[in-house]
Amino acid sequence: MSNPSFISFSGVSKSYDGTNYVVDDLNLDVRKGEFLSLLGPSGSGKTTTLMMLAGFESPTQGEIRIDGKRLDDKPPHQRDIGMVFQNYALFPHLTIAENVAFPLSVRRVSRAEQKARVKRALDMIELPHLANRRPAQLSGGQQQRVALARALVFEPSVVLMDEPLGALDKRLRETMQYEIMRLHRELGLTIVYVTHDQAEALTMSDRVAVFSDGRIQQAATPSELYENAQNAFVANFVGENNGLTGRVVNCDDRWATLALSDGSIIRGRYEQGLRPGDDAMLALRPERAHIPGAEGLQPDEQHNVVRAQVEELVYCGDHHRVHLKFGSRDSLVVKVPNTQRHALPSSGDTIEVAWRHDDCKILAVSAPPRAIEIDSPATPSPSLITTAPAGAN
C-alpha cells in the first residue's frame, strides 16, 4: 500500500510576466517523513518551487497543499514550515540561544518552555557550550548547525532547505550532510531540499526530482535515477555519463539496436517511444565499460564490443581514467579500478572496449532546454517566517 501524500503540488505554474513560465504545470507529491531533493541547474525552477511552498512566492496557477489543507491564503509564518538558507540568515546581534529561541518567542511560547526547547535543540546539534556566543564567533559549519536548530526548535511539520551547504568547504559539507541525514532519520522529519549538486542529492535523499526548463524530468530514488534515466537530460546531469550518439536500427520488447557514429552496432535497454530511424544517445556510465586487455574480461554474446583510440590516461588513486576517441565525433571515458595487475594501454593505442547490453540505455536525443533566467528570489529575512504567532490574523 502506498503512503498518502503529505505535500501536494497540483498543476502549479509560476510566471513573472504572464508569458514565460519559470515553473510549468508542476505535479508532485511528497510523503510524510520523506527526504526529497529538488535537483537541477541554475534556472531550472527548483528554488522557485521551494519558495512557493514556503510562501515567499505565489503560484500563478494551481494548488499547493500540506496535509490536505490549501496554503494559498496563508502567509509564511502560518504554514508550520522551518526554513534553512545557504547564507544562514542568523541575527548577528543575538546570541546563539536567542537566535534559536526566536521562532518560539514570536509564537508566544512561555519562557520556561523556550529554555527547555532551546537546550534540547542545542544538544541535538552538539553545540550547547556555545549558547552565549554570537554568530560572528562561530565557524561556518557551526552557524549552519544553529540555523538548522532554529528551523527545528518549534517542531514544524516540514523543513525546507535552500542550498544549505553551498558555502561550506568539501570536508565540512560532507560532515553536515551526515548530520542532516541523522536528524532526518531520528526525528522523522519531512524535508524538501534544493541543490544543484547531484552527488549531494544522491547521497542524502529518499527521492530526487530532477528539474530542467521549469519541469520535472524524472522523480525517483537515487539508484533508479542513476541506473535507469528516463531521458538524455537526466542521464547527463545525474552522475557521469558517456553519451555516444547514433541512429536507432530496430527495437523489440526490451532491446534497441543503435548504429554509432563509426558504424559500430550496439544493443541496450531503451525507453519506450523510440522508433527505427530516430536519432538517439547511448547512456553508459564510465565504471560499466571495461578494457578486456587491462581487466582480464572475456566478452561474450551479452557484451557490446567497440574499438577506440586511447587519447589520455589519468591516475586518480583508486582508479585510472582512460580517455578514448571514438568515431568522428564521440569520446569515451572508462574507469579502470586500481586493483588489477594487468598492463594498462598506452596513449595512441587502439583497443577494444566492452560493456554488457543491460549496463547501458538508449535514449531519445533531447532538445536543449530553453533558458530561464529567474530562479533565485532574494533570500527572505528569517523574521518573515516567524514575525507573528502561529494562527495570528
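Which residues of α3 are buried? They are Gln114, Arg117, Val118, Ala121, Leu122 and Met124, where buried means under 20% relative accessible area, exposed over 50% and partly exposed in between, with a 1.4 Å probe and protein chains only. Welcome to this predicted model, in which local features need pLDDT of at least 70, side-chain atom pairs count only at pLDDT 80 or more, and totals for chains, interfaces and linings use all residues. Residues are numbered from 1 along each chain as its sequence is written, and side-chain values use heavy atoms, leaving out hydrogens and water. Helices (H or I, at least four residues) and strands (E, at least two) are DSSP runs, numbered from the N terminus.

**Helix α3**

- α3 has 14 residues and spans 20 Å from its first C-alpha to its last, close to the 20 Å expected at 1.5 Å a residue; the expected span is 1.5 Å times one less than the number of residues.
- Down the axis of α3, the buried residues fall within an arc of 150 degrees, so they line one face of the helix; the arc is that of the directions from the helix axis to the C-beta atoms.
- On the face turned away from that buried side, α3 carries the exposed residues Ala112, Lys115 and Lys119.
- The cover over the buried residues of α3 includes α2, α4 and α5, with contact meaning heavy atoms within 4.5 Å.
- Glu126 follows α3 and has a positive phi, near 60 degrees.

**Nonpolar cores**

- A nonpolar core is a set of buried Ala, Val, Leu, Ile, Met, Phe, Trp, Tyr and Cys residues joined through side-chain atoms within 4.5 Å.
- The largest nonpolar core has 38 residues, of which Val100, Val146, Met161, Ile180, Ile191 and Tyr193 touch the most other members.
- Two or more residues of this core come from each of α2 (96-106), α3 (111-124), α4 (140-152), β7 (158-162), α5 (170-187) and β8 (191-195).
- The biggest contribution to this core is that of α4, with 6 residues.
- Another core, of 28 residues, lies apart from it and has Leu38, Met51, Ile66 and Phe211 among its members.

**Two residues to look up**

- Leaving aside residues up to four places away in sequence, Tyr193 touches Phe35, Leu36, Ser37, Leu38, Met161, Pro164, Leu165, Ile180, Glu200 and Met204.
- Thr195 lies in strand β8 and, at 0% relative accessibility, counts as buried.
- The side chain of Thr195 reaches the backbone nitrogen of Asp197 at 2.9 Å.

**Aromatic pairs**

- Rings of Phe, Tyr and Trp (its six-membered ring) pair if their centres lie within 6.5 Å; planes under 30 degrees apart count as stacked, over 60 as edge-to-face and the rest as tilted.
- The count by this rule comes to 3 aromatic pairs.
- One of them is the tilted pair of Phe91 and Phe102, at 4.9 Å centre to centre with 55 degrees between the planes.
- This pair links distant parts of the chain, with Phe91 in the loop between β6 (81-85) and α2, and Phe102 in helix α2, 11 residues apart.
- Phe233 and Phe237 form a stacked pair, 5.5 Å centre to centre and 10 degrees between the planes.
- Both Phe233 and Phe237 lie in helix α8 (residues 232-237), 4 residues apart, about one turn of the helix, and both are buried.

**Positive phi values**

- Asp25, in strand β2 (residues 21-31), has a positive phi of about 55 degrees although it is not a glycine.
- Asp80 sits in the loop between β5 (69-70) and β6, and its phi is positive too, near 55 degrees.

Definitions and conventions: Polar contact = N/O pair within 3.5 Å; in protein donor to acceptor, adjacent residues only side chain to side chain.
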